[in-house]
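Hello,

My notes come after it.

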Amino acid sequence: MARLVHLSDLHFGAHDERLVEAVTWHVDQLKPDLVAISGDFTQRARTEQFREACHEVLGVPGNHDVPLYDVLRRFLSPLARYRRFIDDSLCPFVELPGVAVLGINTARSLTFKDGRVNRDQVTFIRDTFARTPSESFRVLVTHHPLFALRVGDEVERAIGRQELALDVVEESGVDLLLAGHAHHASSQDAGDLVTRAGGVLVVQAGTATSTRVREQEQSFNTIDVGEGSVTITVNAWNGDDFKPKDAQRYDWQDGRWKARKQAEPAH
């Protein structure tokens, strides 16, 4: 039904221009219906970094998109530059044929790294997806993962108010969660992480263009949504170019997304 490209943690200002050029070329070749960027467009939320990151995409802010050292701006207008250069909406929504994609801002000025959701956002998620056709494939995009995830020897903490978020994900019939923040690509059934949230598929993107990596090379995801199936392909940097690898197909069975045998990479 649709092809999405999932980028995250671009960190313009701490990026490699070769990676930017390669990502741009591959996105053009993949011809996605939508590019979703799950936050951290910039390294330190400076105006020139936002100008460099400005493109037509569905995006949500990350914690690096909130000024760190400009304390006055951090607390009075933390996302003013993001809204000026990236998107005035902090909760963007796009409907494609058969696919509904909603972004939610999890970045907060009171925390330097961690994210959270609030009750108004939970209501907005519920109401937005309630207006979409019941058969739509539903995607929720956040910067911070809704689950605690292990990256090497470290564990990235779950989002604040996780229970509220997971309850509305299950209630709204969300099929796919897209996030970043950890600079580590992965995909798995939420049932492997928690006992709630229904049968949602959890997909993390690595950093696409930053020089700051953790346990993995830079990468971005291609997501091909079909009738009752979804294939996630990690496009990993090999030092010269991005090459597709680790393609995994999931089929909807018994109320959840279940992994099938290894799929052929998307081209």
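Predicted model: local features only at pLDDT ≥ 70, side-chain atom pairs only at ≥ 80, totals over all residues.

Residues are numbered from 1 along each chain as its sequence is written, and side-chain values use heavy atoms, with hydrogens and water left out.

Helix α5

Helices (H or I, at least four residues) and strands (E, at least two) are DSSP runs, numbered from the N terminus. Helix α5 takes in residues 119–130. With 12 residues at 1.5 Å a residue, α5 should span 16 Å, and its end C-alpha atoms are 17 Å apart, which agrees. The expected span is 1.5 Å times one less than the number of residues.

Q121, V122, I125, T128 and F129 of α5 are buried; buried means under 20% relative accessible area, exposed over 50%, and partly exposed in between (1.4 Å probe, protein chains only). An α-helix has 3.6 residues a turn, so residues three or four places apart point the same way. R119, D120 and A130 are exposed on the other side of α5.

The cover over the buried residues of α5 includes β4 (93–96), β5 (99–103), β6 (137–141) and α6 (162–171), where contact means heavy atoms within 4.5 Å. At the start of α5, a side-chain oxygen of N118 comes to within 3.2 Å of the backbone nitrogen of D120.

Strand β6

In β6, 5 of the 5 residues are buried, so the strand is largely enclosed by the rest of the structure. F137, V139 and V141 point one way from β6, and R138 and L140 the other way.

Two strands pair if DSSP finds at least two bridges between them. β6 pairs with β5 in the parallel sense over 5 bridges, and F137 is the bridge partner of V99. β6 also runs parallel to β9 (residues 176–179), joined by 3 bridges, and there L178 is the bridge partner of V141.

Positive phi

Most residues other than glycine have a negative phi. H181, in the loop between β9 and β10 (186–189), has a positive phi of about 80°. H181 is buried, at 9% relative accessible area. D246, in strand β14 (residues 242–253), has a positive phi of about 50°. D246 is partly exposed, at 47% relative accessibility.

Regards

Definitions and conventions:
Polar contact = N/O pair within 3.5 Å; in protein donor to acceptor, adjacent residues only side chain to side chain.
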